Amino acid sequence: MTGELIHATCVLIGDVGVMLRGASGAGKSDLALRLIDRGAVLIADDYVEARPIDDTLHVAVPERIAGLIEVRGVGILPFPHRSEAIIRLVVDLAADPDVEERLPEPHQTVIAGVTLPIYRLNPRPASAPIKVELLASRLKECP
């Protein structure tokens with residue numbers, strides 16, 4: 001798949017594709033690693049190719065980084081992965097705890113012309129992967 005390159009790390013939680021966005025060093029790979037430890041599957045670390053198909057956002061891992069994730073302080077390591085997924089949730093990572101809303105209202109973002117739900121989370125707390133899983137589980141309940 002050739003599409004728009006997006007700086008993000010993507011995982012699959014069940015059948016829900018999750019895009020983790022943030023600046024370099026924001027904690028995308030670390031949060032993905034913790035999600036993978038809890039059962040998520042790696043799609044791509046650092047960037048993905050994205051394109052819209054039938055009002056959904058499809059992402060694919062570029063071949064040269066397929067199955068690789070950066071584990072800061074350890075190196076770039078191979079991990080089981082899926083080569084593509086449909087993204088249904090976007091999580092923007094922010095280290096500032098004041099950015100994370102206590103009781104967030106639903107927000108949306110548009111990527112490659114596709115509207116998706118978006119949440120802002122601090123990726124550092126131990127509860128961050130659980131929060132992402134809870135957000136993804138809400139989408140499993142929706143058709």
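How many helices and strands does the protein have? There are 2 helices and 11 strands. The model is predicted. In sequence order, the elements run β-β-β-α-β-β-β-β-β-β-β-β-α.

**Overall form**
- A compact globule of 143 residues would have a radius of gyration near 15 Å, and the protein's value of 14 Å agrees with that.
- The C-alpha trace spans about 40 × 40 × 25 Å along its principal axes.
- Among contacts with a separation of 6 or more, 67% join residues 24 or more positions apart.

**Nonpolar cores**
- The largest nonpolar core holds 24 residues.
- Ile 13, Val 18, Leu 35, Leu 89, Val 91 and Val 132 touch the most other members of this core.
- Two or more residues each come from strands S2 (9-13), S3 (16-21), S7 (68-71), S9 (84-93) and S11 (114-121).
- Helices H1 (28-37) and H2 (128-140) also give two or more residues each.
- H2 supplies the largest share of this core, 5 residues.
- Another core, of 21 residues, lies apart from the largest one. Its members include Leu 12, Ile 43, Val 48 and Val 61.

**Burial and surface**
- Of the 143 residues, 45% count as buried.
- The accessible surface is about 7,800 Å². Carbon and sulfur atoms account for 52% of that surface.

**Charges**
- The protein carries 15 positive and 20 negative charges.
- The mean positions of the positive and negative charges lie 3 Å apart.

Key
Residues numbered from 1 in each chain as written. Predicted model: local features only at pLDDT ≥ 70, side-chain atom pairs only at ≥ 80, totals over all residues. Heavy atoms only, no water. Core = buried A, V, L, I, M, F, W, Y, C linked by side-chain atoms within 4.5 Å. Buried < 20%, exposed > 50% of the residue type's maximum accessible area, 1.4 Å probe, protein only. Helix = DSSP H or I, 4+ residues; strand = E, 2+ residues; numbered from the N terminus. Rg over C-alpha atoms; globule rule 2.2 N^0.38 Å. Contact = heavy atoms within 4.5 Å. Areas by Shrake-Rupley, 256 points an atom, 1.4 Å probe, with all protein chains shown as cover. Lys, Arg positive; Asp, Glu negative; His and termini not counted. Charge placed at Lys NZ, Arg CZ, Asp CG, Glu CD.
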